[in-house]
Amino acid sequence: MEYTRLGDTGLEVSRLCLGCMNFGSDAPWMIDDREQSEAVIERAIEHGINFFDTANVYSRGESEEILGDALDGRRDEHVIATKVHGRMANRPNGQGLSRRHVLEQADASLDRLGTDYIDLYQIHRWDDETPITETLSALDTLVDHGKVRYVGASTMSGWQFTKALYEADVNNFERFVSMQAEYNLVDRHEEANVLPVCRDQNVGVVPWSPLAGGFLTGKYERGEDPTEGRAADDEHTRNRFTEDNWAVLDEVRALADEKETTPVGISLAWLLAKDVVDAPIVGPRTVEHLDEQVAALSVSLSDDEIERLEAPKTPVWSREIGDV
């Protein structure tokens, strides 16, 4: 396993982060088997992965519980990231980034994870109903109390992220050290949005959906109606079935054959070659999937090969983003 520093911090994380959204029972494509989830986590540790990402809303806390149980007794060897924003109670103050909700949910996540600190606590989305200074103040309090080590953000427009960094600086609040952005070979809109901010401000990038919900694995075919996999139940994944995306996948498959690897290896190698990217969040459902993803660390791409993969698409920012 290779390791890097997260953004401009001193925190060492593996070049691949294990995403834990699949662990739970909220959707048909998730792993509704705790032993299987724990086997994937154990395999990740065997590979040297020390970075794990979850969220309070993933199966309403079930994902956090599974991760916490799996890391019990060796928590300090690993970096745990979780997120806050989504609805956790059907009542007023049951979602969002108010001071009340952020502090309440941090304690709930700590309890489910079975730990007394969170390495990276992230706002899952921007909250139009709460002043960003209120949210930053709450996150600052969590750091002051030793419940959180670093704070990060996920999925927003470049101006929102820039505003958050500015308000943190002028108010002497903890600054976001990382950004989770949807980023892969067919979803490159962040190149025209938040990634330039991250590069300029030395913010670590931890891309989610690096394989485009399975599209870049090559498991789907043109003209076929998916009956299994995430695309069978997830509209955001099916919306990737466009002609320019198929053209990207054609190049991925062809290059994979030439280099005697897999579409997964090519797709992740492309992300890992980006200097702004610290650690893509992979979401394997099986040990075999994880082994294939880790193998991408040994795949190298030339500048010409990267240009070839990128040629079918031009990055354009769109506010239309998936809910995760």
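**Close-up views of a parallel sheet and its helices**

**View 1. Strand E7, helix H5 and strand E8 form a β-α-β unit.** Strand E7, helix H5 (residues 158-171) and strand E8 make a right-handed β-α-β unit. The model is predicted: local features need pLDDT of at least 70, side-chain atom pairs count only at pLDDT 80 or more, and totals for chains, interfaces and linings use all residues. Residues are numbered from 1 along each chain as its sequence is written, and side-chain values use heavy atoms, leaving out hydrogens and water. Helices (H or I, at least four residues) and strands (E, at least two) are DSSP runs, numbered from the N terminus. A crossover is right-handed if, with the strands pointing away from the viewer, the path from the first strand over the helix to the second runs clockwise. E7 and E8 (residues 176-180) pair in the parallel sense over three bridges. Strands pair if DSSP finds at least two bridges between them. Ala-153 has Met-179 of E8 as its bridge partner.

**View 2. Strand E7 also pairs with strand E6.** Five bridges join E6 (residues 118-123) to E7, and these strands run parallel. Tyr-121 is partnered by Val-151 of E7. With helix H4 (residues 132-144), E6 and E7 make a right-handed β-α-β unit. Five of the seven residues of E7 (residues 148-154) are buried, so the rest of the structure largely encloses this strand. Buried means under 20% relative accessible area, exposed over 50%, and partly exposed in between (1.4 Å probe, protein chains only).

**View 3. Eight strands form an open sheet.** The order is E9-E8-E7-E6-E5-E4-E3-E10, with parallel pairing. Strands E9 (204-205) and E10 (281-282) stand at the edges with a single partner strand each, so one side of each has no neighbour in the sheet. Further in, four bridges join E5 (residues 79-84) to E6. Val-84 has Ile-123 of E6 as its bridge partner. Helix H3 (residues 99-113) lies across E5 and E6, running at about 140° to E6.

**View 4. Leu-97 sits in a loop.** Leu-97 lies between E5 and H3. At 2% relative accessibility, Leu-97 is buried. Apart from neighbours within four places in sequence, its contacts include Val-84, Ile-123, Trp-126 and Thr-135. Contact means heavy atoms within 4.5 Å. The C-alpha atoms of Leu-97 and Glu-129 are 8.3 Å apart, while the two residues are 32 residues apart along the chain.

**View 5. Helices H8 and H9 pack together.** H8 (residues 243-258) and H9 (residues 263-272) pack at an angle of about 105°, with their axes 8 Å apart. Axes are lines fitted to C-alpha atoms, for helices over the stretch in contact, and angles run from 0 to 180 degrees between N-to-C directions. H8 is therefore roughly perpendicular to H9. Angles under 35 degrees count as roughly parallel, over 145 as roughly antiparallel, 65 to 115 as roughly perpendicular and the rest as oblique. Val-252, Arg-253, Leu-255 and Ala-256 of H8 meet Pro-263, Ile-266 and Ser-267 of H9. H9 is mostly covered, with 10 of its 10 residues buried. Its buried residues pack against H8, E10, helix H10 (287-294) and helix H11 (303-310).

**View 6. Asn-22 sits in another loop.** Asn-22 lies between strand E3 (17-19) and helix H1 (34-47). At 7% relative accessibility, Asn-22 counts as buried. Not counting residues up to four places away in sequence, Asn-22 touches Trp-29, Met-30, Ile-31, Gly-283, Pro-284 and Arg-285.
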